[in-house]
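The following note sets out, point by point, what may be read from the coordinates. It is intended for a colleague who has the sequence and the model at hand.

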Amino acid sequence: MRGLQLPLTQTQKVRLQRALEKLEALLSKANSNASVTVADTIPVNYDDAFLKGHGTTEHNGEVVATVCGVVERVNKLIYVRTLRARYKPEVGDIIVGRVIEVAPKRWRLDINYSQDAVLMLSSINMPDGIQRRRTAEDELNMRSIFEENDVLCAEVRGFQHDGLHLQARSQKYGKLQRGQLLSIPPYIVKRQKQHWHYLEEYGIDLILGCNGFVWVGEHVETKDEMLVDQDKPESQTSKTNDYSMSLESREHTYTPLETRQNICRIANAIRVLSMLGFIVTIEVVMEVVNLGVSQNMDTHEMLGSEFCVLVAEREAERRSQKRTRGN
Amino acid sequence: MLHNKSFVKKTKSGKITKNVREHYLRDDIYCGVTICKVCDSSAARLSGSASSPILVLDTNVVLNQIDLLENPAIDDVVVLSIVLQEVRNRNLGVYNRIRALCSNSARKFFVFSNEHHKDTFVQDMAGESKNDRNDRAIRVAAQWYKSHLGGAAHVLLITNDRENKRKATEEGIPAETIEAYVKSLDRRDLLDLLVRPASEDVNMEEVEDLRPSKRKVIYAEHKPLSEITSGLHQGIYHQGKLRVNRYNPFEAYVGSESIGDEIIIYGRGNMNRAFDGDIVAVELLPQDQWHEENSLSLADEEDEEEGVHLVPGSADDAPRTTNLVQSAAGPPRPSGQVVGIIKRNWHSYCGSLEPMPMPAGDGGVAHALFVSKDRRIPKIRIQTRQLGNLLSKRIVVTVDSWDCLSRYPSGHYVRTIGEIGDRDTESEVVLIENDIDARPFSSQVLACLPPLPWSVSSEDLANPIRQDLRHLLVFSVDPPGCKDIDDALHCAALSNGNFEVGVHIADVTNFVHPSTPLDDEAAQRGTSVYLVERRIDMLPKPLTEDICSLRADVERLAFSVIWEMTPEAEIISTRYTKSIIKSCAALSYIEAQARMDDSRLADPLTTDLRNMNTLAKIMRHRRIERGALTLASAEVKFQIDTETHDPLDIGMYQIREANQMVEEFMLAANVAVAEKILKHYPLCSLLRRHPTPTKEMLEPLLRTAASVGLDLDISTSKALADSLDRAVGEDPYFNKLIRILATRCMTQAVYFCSGDLTLPEYHHYGLAAPLYTHFTSPIRRYADVIVHRLLSASLGIYKLPAIFQDRPQLTSIADNLNYRHRNAQMASRASVELHTLIYFRKRPTDTEARIVKIRSNGFIVFVPKFGIEGPVYLTERSEKGGGEWFVDEQQQKIKRMDGSISYGVLQKVNIHMEVVEPQPNRPKLQLNLV
Amino acid sequence: MEYVSPEGLRIDGRRPMEMRKLQAEIGVVAKADGSAVFEMGNTKVIAAVYGPREVQNRSQQLSDQALVRCEYSMANFSTGDRMRKPKGDRRSTEISLVIRQTMEACILTQLMPRSQIDIYVQVLQADGGTRSACINAATLALADAGIPMRDFVTSCSAGYLNSTPLLDLNYVEDSAGGPDVTVGILPKLDKVTLLQMDAKLPLDIFENVMQLAVEGCKAIADYIREVLSENTKQLEYRRGL
């Protein structure tokens, strides 16, 4: 069984156990036994027409699961939603990725998928914001836009013959700086309308990438970014100056300590949730952050066992409340 | 089922390695008491009632009192697995015996796996020795039995360990010593079976006082094991198996690998309480003492002397003193003394009590000395309550201990065989001494036999694997009166001028199936044993004498090897098949010979015989050309009175052409089969090899030959065979004598598993054959049964039994066969010796003899007519050193000081043979010069 | 040597047809996509699966299926005597290959073209049957990584000592030198994917021994299914809706 790699005292263990049991009870009430493991037969009404979706196969006329997960039925389609698996891209997903390679006319990004994703030079908004054909000079200057190991935010455009393509045709997409990248299992990130969150009271941007990459960074005004971008062409005229320039600009855009602490707090909140395998939404994250504040937890204590148990208990409570409210 | 309580155990072995072993504790181990209501009683053995207690034995009881336990009076015994384990580590022989008891359905012995029972397993405690832990485990198990059975049965812990008994009593477990328990049974005969514990000091005093030595230290204390181990490491001590000279019990040899030579140990003092077969640690004596006690005399202590015995058949049973005579010239051989005994080889011995006056107050405990039949064993001191009864009996005695204060080991009486001198008793002694199982076959074994009367069925005839050879003129040639006929022959002339020659062997494997009780029993017995007056069969009588035996005029199943041969005896083709034959004649050698010699006869059978004989002669000649040795043995034959079974006449066994003819075809069949099975099963075939004798082994032969001016070339077997052929003196018997001497220099052929050795080692020296096996006598040899199975598997008739996949087991079978084979030979010899003695008891005889060996006070002669060998003393035994005779080493002569008389090796002398009885009940044959 | 006492107990107290205690845990390596520890008695094996991910060496990329790689190693502390073994010795290479081929047979590789799956297995404690334990651990780790599979592969060994077929040999029994049959099966499809034996055994005995090993595999499959289903349920209820 999957265990927490945390030293728990006896009472903590009992508390955690109770909280988890509560969660289990809540879910089993809501959801009939739809979870399957590899090679389990999925019960199907064979009289009705059905379509086999992901994670299923046929054996001796039976529908059999090929992965562990939860059986989902959408109209005629029957598929198994995997839990712990790599990210499965869907068109329009907002994702966070990291540049691995700068290739001709494209960047390759690690997005926690079975292949690297491709971001074409033509699929981004140029820093100058002008819609135009990409020139050879642009190709040569690709590194000045995104370098290796840069973290950026993009949208899934779709599958082409050479793999998964991304696009970043909006000012809100692009390079992410001055923050933390977290990698959490993608199944605990819920696909929602909104994946960008501006937490005003902390001055922080939170991007919950559908691929399980989460960005917690200092808030950047899109407008400002535009301005900075507009500045850029001038700075790029003297290439030799580039490095010193960036140093200068780094100094210029100094992140205050408080913001940095807030980044860490929020990041730790997400870490705790991921450790417990709880779903990560903006509400839950904020609740955990607030819980930490209310319990006078230091940032580092948020990763300790006590806080972990507290979060579990709070989550159990929250869900049961939500249920009663829902009813 | 699986009780998941695993724990870790650490053990160290040599270098420090940590061994972690799982140990599962179970809740499905039952108590084995029939009346128990909780446990599954399907395998229960113990009756358990309120009156007779259930006995839980301590290790020391099993180890020391196994003879008592084997007595049916002791029953309802729980043997704990921890006890078995300890016994196994301490003494494998006792372990096997207690295991046999446990598996004997007639006895109520139950093995309780206490180590794996969840309630009786005990954890090692810190600071607790292994022994204490095991004792505790035994007590816990006894306690468990007590509470488990409640009032239904009485549980009694039997222990001779005082500490254990005390603790048990403290814990509320009823405990007794074995003595107390046996006394409570009120059986006097059982008390004799009891081993006196050396630790019982009260008794000890008493015992010591009775002995003349009065607590004098006679032997050096054995070194502690730790010292021996470190000594062995440093090379101060040498480890090896002690072998006592069969002909001089005061001389022993330890074959040491660290020295690469044998270490000689002279005298009981140096042997330091070691028995024959013990694994001992030896310390070399300083070099100047190496020759000290070497003596050329026949024997040098009180009543020990060399007796008359049969001529040895090979180097394995020849006396080993021979090369000592020569050692005077060469460098002295290392001699040493035993400092410790690593592993005892004690078992039970046959013999009789030394005559002694009856002690006053009969019925009390008497102390007596036991003299073993086996001369290598020292006298054994025993206690008995039935002395008057035992004095004239052959008894079996076991050794228990040998204290360094006592001259003789102490032991206890096991059982009585019968009157001394009685032929049946003495025959049984022979069997016991040679570990031969002469018990009737058990009912399980007999159940494996086909129903009688048996005849070839229609299924056998219809079986496609079986070829119908009933039309052939098959006959058998055997010694007269032979009932277990396992081979038959045929020889048919083919139209192309060639001959078809067939060897048909009884198809024993058709009846003896693998892993049946019958097969297990046969494997255990290994061979039939031929004594002078009886035969101990390997297979039950119906098989031996009827179903398998290829008797005349009945249809029998056979396994045939059929050759096509040219008239020049060149083999053109060989085929192997199972068959059905109908023998037309069961001839004796004499009859066959007579038919061949009688020129008037021209019937088909006689023609076939003659043809075969011609072929055999060519084959024999070719074999000798290859370097096969024609060795001779001094086999004798008795004529036995049918009524009294007493020997009437005795004489050398005569070998005829017919014998040689049959032998030749059997050899050919064996070789052919050996090739076939080895080809198919290069790793698991059972073959027979005869190692090439080393130069040292042939040394005595060379020396003897040289002294009579004969030069033998021993470089190859061919050279040796040729020079033996050339060795013809004026004396017609001379050549045979030399051949006999040559034979006894060689070791015996042995069975082995082909995977254990490399191809060159497969060689059979005596037959000069690269491959050889035994195929032709499956009725009386188990090796042949195995070979039959291999052959039929190689022909695809039957599957190869699983046993052949298990090389170690196959090797152990081969070892057992060698052991049994050797024992059977020894028993036959002993039986012949016994009958020789009986024969001469009434017939003092004068006869001709040859000197074969020179000693300082006489010589050893060989009596060709009776095939026996024995010492002739020139000097009286009283006058030691033999002043007036001296030995000429070079010429192998013993001469009188004044030179008037001299005796040389191979010289002919006339002797007088007579049975004398120097001590009551100890008759022996004495040879005197006429 | 007596490996089965006449009372029908083996040296460690099991009966001939009994397996050692099984123990499995999923999700033991935080950074891996899937991971598991599998214990059979004192044999303990850890497996980690990475992927499916981009093929590291482009030239090995397969356009129609995933590339499966496997690396087997034995921790230096896994045996009684601490030995520094060179990486990639013959034995490791062979077992790596065996595990790779066995797992490849059950992974639906065609669903993940142009990607690579890495399986790392390491023996933490060796007490016989490491090969089987590795395969079982790898199955668990693959299932944990959400990699689509036709079926589990479960493996178990059986031997033949003292004329008795024995299930799941431990180190002592393994080093007795008798035949050791390692079987891997796909329990649902009822197919054999792995069969190894480096000794001779007559066919009828071999069939018995193999049947015993297959029974063992099925028992392991039941256990693995239980562990996985428990794991899936827990993940699901923890995540919530």
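1. Contacts of Val474(B). Leaving aside neighbours within four places in sequence, Val474(B) is in contact with Ala488(B), Leu489(B), His490(B), His504(B), Ile581(B), Lys582(B), Ser583(B) and Cys584(B). This is read from a predicted model. Val474(B) is found in strand β18 of chain B, which covers residues 474-478. With 27 other C-beta atoms within 10 Å, Val474(B) is buried, because the threshold for that class is 20 or more. One of the contacts, Ile581(B), is 107 residues away along the chain, yet the two C-alpha atoms are separated by 7.2 Å.

2. The annotated span in chain B. An unreviewed UniProt entry carries the annotation "domain: PIN" for residues 53-166 of chain B. In the model that span is 50% helix and 14% strand, and its end C-alpha atoms lie 19 Å apart.

3. Helix α1 of chain C, length.

4. Helix α1 of chain C, sides. The buried residues of α1(C) are Ile95(C), Ser96(C), Val98(C), Ile99(C), Thr102(C) and Met103(C). They cover an arc of only 165° around the axis and therefore lie on the same side of α1(C). An α-helix has 3.6 residues a turn, so residues three or four places apart point the same way. On the other side of α1(C), Arg90(C) and Leu97(C) are exposed. The elements of chain C against which the buried residues of α1(C) pack are β4 (67-74), β5 (115-125), α2 (130-144), β8 (180-186) and β9 (191-197).

5. The five-stranded sheet of chain C. Five strands of chain C form an open sheet with mixed pairing, in the order β1-β2-β3-β5-β4. β1 (22-26) and β4 of chain C stand at the edges; each has a single partner strand, so one side of each is left without a neighbour in the sheet. On average, and with direction ignored, neighbouring strands of this sheet are turned by 15° against each other. The pairing of β4(C) with β5(C) is parallel and runs over eight bridges. Ser73(C) stands opposite Gln122(C) in β5(C).

6. A hairpin in chain C. Strands β6 (residues 154-161) and β7 (residues 164-167) of chain C run antiparallel and are joined by four bridges. Ala158(C) has Leu167(C) in β7(C) as its bridge partner. The hairpin has two residues between the strands, and Asn162(C) takes a positive phi near 50° in this hairpin.

7. The annotated spans in chain C. In an unreviewed UniProt entry, the annotation "domain: Exoribonuclease phosphorolytic" covers residues 18-148 and 151-216 of chain C. Residues 18-148 of chain C are 23% helix and 33% strand, with end C-alpha atoms 32 Å apart. For residues 151-216 of chain C the figures are 27% helix and 39% strand, and the end C-alpha atoms are 17 Å apart.

8. Contact between chains C and A. Here 40 residues of chain C are in contact with 33 residues of chain A. On the side of chain C that touches chain A, the elements giving two or more residues are β1, β3 (43-54), α2 and α4 (203-239) of chain C. Which of these elements gives the most? It is α4(C), with 14 residues.

9. Chain A overall. Chain A has eight helices and 16 strands. Of its 327 residues, 36% are buried. Among contacts in chain A with a separation of 6 or more, 63% join residues 24 or more positions apart.

10. Strand pairing in chain A. Strand β1 (residues 35-36) of chain A runs antiparallel to strand β5 (residues 69-74) of chain A, and two bridges join them. Val36(A) stands opposite Gly69(A) in β5(A). β5(A) also pairs with strand β6 (residues 77-82) of chain A, in the antiparallel sense over six bridges. Glu72(A) has Tyr79(A) in β6(A) as its bridge partner. Two residues lie between the strands in the hairpin of β5(A) and β6(A), where Asn75(A) takes a positive phi near 55°.

How values were computed:
Residues are numbered from 1 along each chain as its sequence is written. Chains are lettered from A and ligands numbered from 1 in the order in which they are written. This is a predicted model: local features need pLDDT of at least 70, side-chain atom pairs count only at pLDDT 80 or more; totals for chains, interfaces and linings use all residues. A residue is buried if 20 or more other C-beta atoms lie within 10 Å of its own, exposed if 12 or fewer, and partly exposed in between; C-beta atoms are placed from the backbone. The arc is that of the directions from the helix axis to the C-beta atoms. Two residues are in contact if their C-beta atoms, placed from the backbone, lie within 7 Å. Two strands pair if DSSP finds at least two bridges between them. Axes are lines fitted to C-alpha atoms, for helices over the stretch in contact, and angles run from 0 to 180 degrees between N-to-C directions. UniProt positions are given in the numbering used here, feature names are shortened, and annotations may be inferred rather than shown by experiment.
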